[in-house]
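Dear colleague,

I am passing on a structure that you have not worked with before, and I would be glad if you could read through the notes below with the model open beside them.

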Amino acid sequence: MGIRMSGLSSGLDTEAIVGALMSAQSLKKTKIERSKTKLEWTQTKWAELNTKLKNLYTNYVSKMRLESSYKTKKTSVSDPNKASVTASNNAVNGSYRLEIENIATTQYLSGAKLNATSLTDKLTDIDPSLLNKEITVTTGDKTTKIAITAGMTIADFTKSLRDAGLDANYDTAQKRFFISSKESGVDNAFSITSSGLSSAEVSGRQALYQAVGYDNMSAENKKIVDQAMTALQTSGVGTDEYNKAVDSLAKAAYDTKEEAANAAAKTYVKAKLYSENYAANKTAAADELKSQYFDDAGNLKAGYTQDDYDKAVEAKAAEKTEAFVNEKIDSDPDVKLQIQTAAFSGKTVADIQGLSAEAQQKYYATGADGALVIEGFDGTSSYSQSSIQSSITPVATDYANITNRNDALASSALTSLGLADITVGADGKVNVSGKPSGMALVEASDSLIYLNGAELTSSSSTVSANGLEIELTGLTKSDEPITFSVSNDVDSVYNSVKSFLKEYNDIMKEMNSLYGAESAKGYEPLTSEQKKEMSDDDVKLWEDKVKGALLRNDSTLGGIISSMRAAMMSQVTYEGKTYSLSSFGIMTSTDYTEGGLFHIYGDAEDSVYADKEDKLKKALAEDPDAVMNVMSGIFENLRKTMSQKMAGTKTSSAMTFYNDITMKKQIETYKKDISAWEDKLAEMEDAYYKKFTAMEVALAKLQSQQNSLAGLFGN
């Protein structure tokens with residue numbers, strides 16, 4: 001923008017003149033802006049209307065076209081305190097006689113009181129004889145063996161029970177175990193028994209644990225090993241199950257060694273960096289601290305000794321070196337590569353003995369014999385999962401070949417835990433052995449009912465039969481059965497139709513209003529300058545007038561209204577007769593101004609037609625099949641019509657009733673046109689100012705010349 005001279009010589013109000021000229025030129029831009037605003041308002045109005053139409057389609061039309069919407073059932077129970085009944089659409093209408101003999105129970109074991117008060121208490125502290133005994137849990141087809149080890153806590157034991165498929169908890173306040181099946185019913189009952197481990201199995205187990213490095217494993221890998229041990233017990237050597245178990249053991253051992261090697265490698269690289277940089281940092285520390293401990297002549301200052309200085313230097317050197325090491329470990333890619341390399345190749349005692357004494361002292365411990373203790377490195381040049389598997393396979397084979405696994409017990413291990421050996425036979429009969437005083441057992445049982453004389457069972461408190469869901473909540477006496485009835489739910493279907501018509505009428509009323517709105521001729525979106533001259537209320541009234549007429553006589557909207565009306569007025573043939581909604585008293589109003597809204601004649605809530613005969617309710621009670629077939633047919637016609645209207649095209653997206661794609665493109669075109677006009681108007685304005693500036697310059701020169709001539713003539 002050049003220098004603008006505003007009437008200095010001419011006395012003209014240049015800005016006002018240019019403003020007037022630009023106002024005329026801006027009319028085309030303003031027209032485009034108004035068109036863009038109206039289209040954006042139209043887009044918003046259509047988006048709101050589209051949402052309502054989709055909701056009508058999804059929540060009502062798509063459901064009302066299904067025959068199942070007209071087959072709803074209702075039940076009535078003589079004693080709801082003992083049972084509740086839900087009937088599906090397939091349930092048979094009629095009266096039923098129900099006798100409830102038993103309600104399914106879950107097997108529930110409440111242990112006897114123990115002297116353990118914490119979840120961290122070890123089982124062997126409760127009873128030392130529990131060591132090397134084994135608990136076997138069977139739930140359904142799953143059998144899990146839990147070996148009691150020296151370190152097993154109450155928390156470990158309850159977790160093992162949960163892993164075996166039970167709900168288990170130890171209540172520290174009540175000091176007892178609570179164990180139950182996860183589901184009710186005889187099929188979900190569990191067995192829990194105990195046995196001892198033979199000396200051969202104890203030795204074999206310990207050898208295998210040692211071979212895989214069990215003590216150093218994570219809890220997750222320990223669980224994998226325990227599961228593999230169980231698999232080895234039950235499989236034959238060389239079988240797929242055996243091979244998978246060995247693979248699992250090798251993988252867990254490899255993961256443990258790899259984790260330890262990675263940690264050891266990181267420690268080694270840190271120690272190496274420390275060893276390589278300590279001396280330089282010690283020299284730097286000595287220089288930094290010299291002025292604090294010595295005077296200019298090199299003599300110790302008062303209050304300090306050489307030992308004080310030496311210790312301070314060592315501490316400072318350690319601090320600087322450790323900071324350097326930590327930074328390298330965290331951020332230097334080369335250092336991270338060194339760690340990976342060290343972990344892969346392993347390091348020997350000789351490697352670590354080559355480090356400085358300061359690094360050894362900081363990062364490594366010494367054993368009782370004074371030798372360095374190095375955890376994580378095994379001294380070998382490399383290792384792999386296959387090499388580990390080769391080393392443990394013979395140990396696993398020895399363990400799998402043990403034949404004498406269980407020694408006879410003088411007493412059950414479970415008794416020491418306040419529990420008992422419990423077995424469940426194929427017939428569901430429970431046998432309890434070694435029950436301690438204070439233990440309680442609720443046996444699993446199935447629900448047993450007689451429905452119209454037929455014996456029915458279920459593993460839960462709900463019995464399903466022929467479309468009925470019977471929830472049992474109480475027992476009946478042998479001579480006092482309860483009854484219930486199943487019938488068509490006329491009111492439910494009636495209210496569904498009524499709800500649909502309300503939604504349909506609401507949206508149809510809105511579309512009629514938008515389509516037949518009063519003209520807003522002469523009203524256009526206001527410019528910002530116009531809004532400044534009006535009150536907020538007046539601006540709102542003005543804009544509402546424009547917005548209300550946006551869809552007036554809109555062809556797309558008119559097509560939707562007409563097609564939906566036609567679908568609702570369509571006819572369906574059933575058993576040789578032709579029906580429409582009017583056949584069931586669903587009529588459009590005699591008031592044409594309503595625009596085709598529907599009423600249910602005889603509806604008590606309809607203030608105009610409540611006194612008419614309620615044909616719909618009568619038909620639902622007397623001929624529900626006719627209502628179902630006709631209604632579902634008409635609503636299917638409406639569904640097809642609406643589906644066609646919102647099918648995706650080049651101008652509209654799927655599930656959209658209006659040309660949203662076209663509108664978006666047109667708005668972008670308006671934006672580009674407005675931007676182009678803004679550039680063009682800016683150029684015009686600059687051109688006007690340049691002309692007026694040139695005029696002012698010329699007038700200034702002329703005035704200067706006149707003043708010079710006047711001076712020559714003595715004026």
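Predicted model: local features only at pLDDT ≥ 70, side-chain atom pairs only at ≥ 80, totals over all residues.

Residues are numbered from 1 along each chain as its sequence is written, and side-chain values use heavy atoms, with hydrogens and water left out.

Helices (H or I, at least four residues) and strands (E, at least two) are DSSP runs, numbered from the N terminus, and two strands are said to pair if DSSP finds at least two bridges between them.

The sheet

An open sheet of 4 strands is arranged in the order β7-β8-β4-β14, and its pairing is antiparallel. Its edge strands, each of which pairs on one side only, are β7 (166-171) and β14 (440-442). From one strand to the next the twist averages 10 degrees, where axes are lines fitted to C-alpha atoms (for helices over the stretch in contact) and angles run from 0 to 180 degrees between N-to-C directions.

Between β7 and β8 (residues 176-181) there are 6 bridges in the antiparallel sense; aspartate 171 has arginine 176 as its bridge partner, and asparagine 169 has phenylalanine 178. The hairpin that these two strands form has 4 residues between the strands, and in it lysine 175 takes a positive phi near 60 degrees. Strand β4 (residues 108-110) is joined to β8 by 3 bridges, again antiparallel, with tyrosine 108 placed as the bridge partner of serine 180. Strand β8 is mostly covered, since 5 of its 6 residues are buried, where buried means under 20% relative accessible area, exposed means over 50% and partly exposed lies in between (1.4 Å probe, protein chains only).

Helix α4 (residues 154-163) packs on this sheet and touches β7 and β8, and its direction makes about 160 degrees with that of β7; contact here means heavy atoms within 4.5 Å.

The helices

Helix α14 (residues 490-515) and helix α17 (residues 555-568) pack at an angle of about 145 degrees, with their axes 10 Å apart. On the α14 side the residues that meet α17 include Phe500, Leu501, Tyr504 and Met508, and among those they meet in α17 are Leu557, Ile560, Ile561 and Met564. By class, this contact has 12 nonpolar, 2 polar and 1 charged residues, if Ala, Val, Leu, Ile, Met, Phe, Trp, Tyr, Cys and Pro are counted as nonpolar, Asp, Glu, Lys and Arg as charged, and the others, Gly among them, as polar.

Helix α8 (residues 306-331) has 26 residues and reaches 38 Å from its first C-alpha to its last, close to the 38 Å expected at 1.5 Å a residue; the expected span is 1.5 Å times one less than the number of residues. Its buried residues are Tyr309, Ala312, Val313, Ala317, Thr321, Val325 and Ile329, and they pack against α7 (240-293), α9 (333-345) and α11 (357-363).

Glutamine 360 has its place in helix α11 and counts as buried because its relative accessibility is 19%. Leaving aside neighbours within four places in sequence, glutamine 360 is in contact with Ile352, Gln353, Leu355 and Leu372.

In helix α6 (residues 219-234), which has 16 residues, the reach from first C-alpha to last is 23 Å, close to the 22 Å expected. The buried residues of α6 include Asn221, Val225, Ala228 and Leu232, and what covers the buried residues includes β5 (133-139), β6 (142-147), α5 (199-212), α7 and α12 (385-400).

Strands β12 (residues 421-424) and β13 (residues 430-433) run antiparallel and are joined by 4 bridges, with aspartate 421 opposite serine 433. Their hairpin has 5 residues between the strands, and glycine 428 in it takes a positive phi near 85 degrees.

Most residues other than glycine have a negative phi. Asparagine 466, in the loop between β17 (462-465) and β18 (468-472), has a positive phi of about 50 degrees and counts as exposed at 59% relative accessibility.

With best regards
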